[in-house]
Amino acid sequence: QEPQASGLPEYIKIVEVGPRDGLQNEKVIVPTDIKIELINQLSKTGLPAIEVTSFVSSKWVPQMADHKEVMKGIERHPGVQYPVLTPNLQGFHSAIAAGAAEVSVFGAASESFCKMNINCSIEESIERFEEVTKSARNMNIPVRGYVSCALGCPYEGNVVPDKVAEVSKRLYSMGCYEISLGDTIGVGTPGSMKKMLEAVMKEVPLSALAVHCHDTYGQALANILTAIQMGVAVVDSSVAGLGGCPYAKGATGNVATEDVIYMLNGLGINTGVNLCAVMEAGNFICTALNKKTNSKVAQASFSTGTI
Amino acid sequence: NVVPTPVKISLINMLSETGLQVIEATSFVSPKWVPQMADHTEVMQGINKLPGISYPVLTPNLKGFQAAVAAGAKEVSIFGAASEMFTKKNINCSIEESLERFDEVMKAAREASIPVRGYVSCVLGCPYEGKISAAKVAEVSKKMYSMGCYEISLGDTIGVGTPGSMKEMLTVVMKEVPVGALAVHCHDTYGQALANILVALQMGVSVVDASVAGLGGCPYAQGASGNVATEDLVYMLNGLGIHTGVDLQKLMDTGTFICNALNRKTNSKVSQASCRL
């Protein structure tokens, strides 16, 4: 396969969000040592970035209550980033104290979603994030920005691409090195992905963009393909497709890292990630959670005895 | 589990109300080989045949063809493969021998003015041979097209294909068969189906096979999924602004019906997500 000939990126960075976004949306509270073991296994797969935990109040997100212990307990492999979520300045300081070297802030392209999620307007959330990015700049800590509801909102329905572009631009201008555009409820299709990216690419350089697709409607890989055809070279995914959708009971959420890598391998795109190693980590966490994997590649590989 | 005839008939009748223009009804194959399709004659005679909708049936050989026509079939399909080993294991002969069998069907179909659709299995990989060359797929497709098949459905039988291999295969096949006569039949065993279909569409293919509720697992990988779900496909095409004429809600209702009848969960993510439990 020759990705360059087809206009696709030669290399795609995979940002593994399973331990945070994935586990946060799993019903069962996962013991700290299991979280640490999962992250340690993922660190050996070649993944360049693993989102470890969230420095948010345990009152809101009980699953992430052990953020300090996890941060301190994991092995840090050279060449691997371990970003953590920091919704505000307090969380940021706590994260740094616990040894974090990269943080993320979570914005949204929908006022209703912002209100329901973090109880403030988009403008107020931006002000909060600016406090974080100011402190982060002083300490040379890179900040990644997320924009939720990029292709649709559980409350507002349709989301205008220009709004996504506006919020993305604000986050980028305040110092986020990368903007991850999230299809939070997985309603996007290659059609809406294309329109949204066209609008955002006018405001934020392509090299600073990532896509975070949910597979709730089975569209994730097709949406990711569309994004990479447009030159996006950073893709978020979750081992074993951990993390259901909190807005659609019983429905799936994150796209499975294994399935993304399978596709990228087939396209001849380099990711540096060992698919078998990811499947093993996926098998570990699914066994620990007593649940079936959401990865079709893992399912098929186990069935045919390839693993 | 063998599905009762009335359930099959209801399923097809419900599908006929969704706007779908082609519904593969049954297979005129020996019940010894495929017990599930033993009621082919009853199904063919029992369904409502709505005007404007085609109800093709599989006919592996002349005998099946004749039984199909006697039962009222107006369109038939033949199943070839791009893999010698798969053909051997599946229908116990070589590709060349299978094409000779099909030729008999083609001749009879031509005389009866019955259109024939050709399938080529294993176009992106074979459970026995592994990798399959695009040239072989093109060769078999060309033969079936030249024989008189009006359309060639290229099947990723074990779902191992990716947008990369799909593009490569189609590029080669399109040199031998006009894109207007091509269809893709993608399996979702590795979650790649919609991405593969998207690539095919981008290359000009405009006929796509799919299965309501993603019915049909993979016989080569126990517990793994098979066919791509029609609901998920239609959702994507709607989002792309591509017209299909299919009513997604009616389709989902049909999927719900058959899953209830089979006492199983749907394989369609769109259906799962839309379910308000």
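1. Chain A and chain B bury about 2,800 Å² between them, with 57% of that area on carbon and sulfur atoms. Buried area here is the accessible area (1.4 Å probe) that two parts lose on being put together, summed over both. On the chain A side, Y217(A), Y262(A) and K296(A) lose the most area to chain B, together 23% of what that side buries.

2. A word on the basis of these values. This is a predicted model, in which local features need pLDDT of at least 70 and side-chain atom pairs count only at pLDDT 80 or more, while totals for chains, interfaces and linings use all residues. Residues are numbered from 1 along each chain as its sequence is written, chains are lettered from A and ligands numbered from 1 in the order in which they are written, and side-chain values use heavy atoms, with hydrogens and water left out.

3. In terms of contact (heavy atoms within 4.5 Å), 35 residues of chain A touch 35 residues of chain B.

4. Which elements give two or more residues to the side of chain A that touches chain B? They are α8 (190-200), α9 (220-229), α10 (257-266) and α12 (296-303) of chain A. The largest share, six residues, comes from α12(A). Helices (H or I, at least four residues) and strands (E, at least two) are DSSP runs, numbered from the N terminus.

5. Two salt bridges are counted between chain A and chain B. A salt bridge is a side-chain nitrogen of Lys or Arg within 4 Å of a carboxyl oxygen of Asp or Glu. K269(B) forms one with D215(A), the closest N and O atoms being 2.5 Å apart.

6. Over all chains, the whole structure has 20 salt bridges. R170(A) and E123(A) form a salt bridge through their side chains (3.1 Å, N to O). R170(A) lies in helix α7 (residues 161-173) of chain A and E123(A) in helix α6 of chain A, so the pair ties together parts that are 47 residues apart in sequence.

7. Helix α5 (residues 111-118) of chain A has a side-chain oxygen of S110(A) at its start, within 3.4 Å of the backbone nitrogen of S112(A). After α5(A) comes N119(A), with a positive phi near 55°.

8. In chain B, helix α4 (residues 84-91) starts with a side-chain oxygen of S83(B) within 3.4 Å of the backbone nitrogen of M85(B). Just after α4(B), N92(B) has a positive phi of about 55°.

Conventions:
A polar contact is a pair of N or O atoms within 3.5 Å; within protein, one must be able to donate a hydrogen and the other to accept it, and residues adjacent in sequence count only if both atoms are side-chain atoms.
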